Amino acid sequence: MKKIFVLAVAAVIAMSGAAMAADSANLIVNATVLGTCGISTAPTINLTLDPSSGLDGTGTGNIDFICTNGTAYTLAGPAGGTMVGPGNINYTLGYTNLAGVGTGLTQTSVATVTVPYANYATKPAGAYTETVIVSILP
């Protein structure tokens with residue numbers, strides 16, 4: 001009887017050893033980096049227009065953006081517009097760095113607003129404003 005018990009225990013140990021065998025498999029990790037662009041900050045450009053100066057009003061502000069490294073981009077915005085207030089004041093807009101290739105880091109375009117003296121010299125005093133949209137495309 002002891003002999004049968006010992007054989008049974010040996011068989012159970014042999015089977016459990018086979019059940020605990022190690023195994024491995026490969027885990028594959030894939031990723032895709034998208035070629036995108038986004039504007040992180042757009043400025044508010046404040047001008048003080050003094051009709052007694054006889055000078056054009058100008059102001060600048062930085063448009064900061066990030067594009068994936070190696071991704072070509074085009075920044076676009078209007079060439080000018082009309083600020084509305086007690087009257088209307090026309091102005092022009094210009095930009096630097098309108099096209100290029102992304103670096104993966106923040107890049108900057110400088111927006112420049114110019115209000116010719118003749119466009120505001122005879123306008124009523126007060127606050128004038130307009131919101132324009134700038135966009136960036138990869």
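Colleague: How many disulfides does the count come to by this rule?

Modeller: The count comes to 1 disulfide in this structure, which is a predicted model.

Colleague: What makes cysteine 37 and cysteine 67 a disulfide?

Modeller: The sulfur atoms of cysteine 37 and cysteine 67 lie 2.1 Å apart. The cut-off requires sulfur atoms within 2.5 Å, so the pair is called a disulfide.

Colleague: Why is this disulfide called right-handed?

Modeller: The torsion about the S-S bond of cysteine 37 and cysteine 67 is about 120°, and therefore the disulfide is right-handed.

Colleague: Why is cysteine 37 called buried?

Modeller: Cysteine 37 has a relative accessible area of 18%. Buried means under 20%, so cysteine 37 is buried.

Colleague: Why is cysteine 67 called buried?

Modeller: Its relative accessible area is 1%. This value is under 20%, so cysteine 67 is buried.

Colleague: What is the volume of the largest pocket, and which residues lie nearest its centre?

Modeller: The largest pocket has a volume of about 710 Å³. Its lining comprises 30 residues, and Ile45, Leu47, Met83, Thr129 and Glu130 lie nearest the centre. Strand 5 (88-95) and strand 7 (106-115) are the elements that give two or more residues to this lining. The largest share, 4 residues, comes from strand 5.

Terms used. Residues numbered from 1 in each chain as written. Predicted model: local features only at pLDDT ≥ 70, side-chain atom pairs only at ≥ 80, totals over all residues. Heavy atoms only, no water. 1 Å grid on protein atoms, 1.4 Å probe; cavity = no way out; pocket = protein on both sides within 12 Å on 5 of 7 lines; lining within 4 Å. Points joined across faces, edges and corners; volume = space filled by probe spheres on them. Buried < 20%, exposed > 50% of the residue type's maximum accessible area, 1.4 Å probe, protein only.
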